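This report looks at a few selected residues in a predicted model.

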Amino acid sequence: IVLPAPKILNLYTNPANREFLNCSSLRSIPVVGWGAIVKVDGDTDFAPNMKLKFKWVGKSSDPGADPVEDFLFEKELKGLEHVLGFEVYLPFETALKTIGDGEGEISYVAEIDGHDRAGGSQKVRVVMINNEGEFCPLN
């Protein structure tokens, strides 16, 4: 069983062709507030009402920074999401701001036939602060 990898949308690509999750990647999302959108394609191994457990692991590149707590959340597949795909969100305040400048990786597991099956993952460079060291202006 190979499950689809989560894909963080709206990444910024710099002239050197490196991708970043930065301030321009954030969107204003109803109920969630500002955050990054993560898309997962539908798959034949997904089923209605299946629960997926997501994990976002962040790390600051500042050696003096406190360790970043993992951001864990669940998603239950509703309607035709198992076929059409779905989106989940990384809220700025709780999942991204704590990294500041560093990196993060999103991954998930799905319970299939009583076993946890790992989906793919995506690791990205995260930059939530500008050159002056201030956090993204959210407006």
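A residue is called exposed when its relative accessible area is over 50%, buried when that area is under 20%, and partly exposed in between. With a relative accessible area of 64%, Asn17 is therefore exposed, and it is found in the loop between strand S2 and strand S3, the latter spanning residues 19-22. The backbone of Asn17 has a positive phi of about 70°, although this residue is not a glycine.

Asn10 is found in the loop between strand S1, residues 7-8, and strand S2, residues 12-13. Because its relative accessible area is 32%, Asn10 counts as partly exposed.

**The disulfide**

The model, which is predicted, contains one disulfide by the distance rule applied here. The partners are Cys23 and Cys136, whose sulfur atoms lie 2.0 Å apart. The torsion about the S-S bond of this pair is about -85°, so the disulfide is left-handed. Cys23 lies in the loop between S3 and strand S4 (27-29), while Cys136 lies in the segment after strand S10 (115-127), so the pair ties together parts that are 113 residues apart in sequence. In general terms, a disulfide is a covalent bond between the sulfur atoms of two cysteines.

The two partners fall into separate accessibility classes: Cys23 is partly exposed, with a relative accessible area of 28%, whereas Cys136 is buried, with a relative accessible area of 7%.

**A buried lysine**

Is Lys75 buried or exposed? At 15% relative accessibility, Lys75 counts as buried, because the cut-off for that class is under 20%. Lys75 has its place in strand S7, which covers residues 71-76. The side chain of Lys75 makes a polar contact with the side chain of Glu81, at 3.0 Å.

**Accessibility of the residues discussed**

| Residue | Relative accessible area | Class |
|---|---|---|
| Asn10 | 32% | partly exposed |
| Asn17 | 64% | exposed |
| Cys23 | 28% | partly exposed |
| Lys75 | 15% | buried |
| Cys136 | 7% | buried |

How values were computed: Residues numbered from 1 in each chain as written. Predicted model: local features only at pLDDT ≥ 70, side-chain atom pairs only at ≥ 80, totals over all residues. Heavy atoms only, no water. Helix = DSSP H or I, 4+ residues; strand = E, 2+ residues; numbered from the N terminus. Buried < 20%, exposed > 50% of the residue type's maximum accessible area, 1.4 Å probe, protein only. Polar contact = N/O pair within 3.5 Å; in protein donor to acceptor, adjacent residues only side chain to side chain. Disulfide = S-S within 2.5 Å.
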